[in-house]
Amino acid sequence: MDIESLREYCLQFPQTTECFPFDETTLVFKVAGKMFLYTDISSGNKNRMNVKCDPERAIELREQYEDVEPGYHANKKYWNTIRYDRIKESLLKEWIRHSYLEVVQKFPRRQRDEILQQLAGMETQKESV
């Protein structure tokens, strides 16, 4: 997966926006204003992304994959840093979706239900194509 594919995939999720809130090289993806993925697009940190993760699953992934580490510049309990050029695209998509859902599940019920309904509709539509 390259940065363009990563960007394209993230922006497919309902209520997702992208921005550069920290500096001109840290690209952040947010759902309803809350971060679920960020990546440094400068040449020095190419192909690394941080995603939110369930704490137990985060540990399992770090033990299973050498290219998954505790989140760089993040709460290491909830965030993983992943070399996305070394991991299968299907796994990356699964982990990005998990990160998105980890954030959405913390929203108030009404907002959460609305987003999950939009996501289900999007996925149903994608399957029928």
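Residues are numbered from 1 along each chain as its sequence is written. Because the model is predicted, local features need pLDDT of at least 70 and side-chain atom pairs count only at pLDDT 80 or more, while totals for chains, interfaces and linings use all residues; side-chain values use heavy atoms, without hydrogens and water.

The structure holds 6 aromatic pairs (rings of Phe, Tyr and Trp, the last by its six-membered ring, with centres within 6.5 Å; planes under 30 degrees apart are stacked, over 60 edge-to-face, the rest tilted). Phe-13 and Phe-36 form an edge-to-face pair, 6.2 Å centre to centre with 75° between the planes. This pair links distant parts of the chain, 23 residues apart, with Phe-13 in the loop between helix 1 (3-10) and strand 1 (16-19) and Phe-36 in strand 3 (helices, H or I of at least four residues, and strands, E of at least two, are DSSP runs numbered from the N terminus). The rings of Phe-13 and Tyr-100 are stacked, because their centres are 4.5 Å apart and their planes at 25°. Tyr-100 lies in helix 3 (residues 89-104), 87 residues from Phe-13. Phe-13 is buried at 3% relative accessibility, and Tyr-100 is buried at 0% (buried: under 20% relative accessible area; exposed: over 50%; partly exposed: in between; 1.4 Å probe, protein chains only). Ring pairs join Tyr-9, Phe-13, Phe-36 and Tyr-100 in a cluster.

Ile-82, in strand 6 (residues 79-83), counts as buried at 1% relative accessibility. Asn-47 is placed in the loop between strand 3 (34-40) and strand 4 (48-52).
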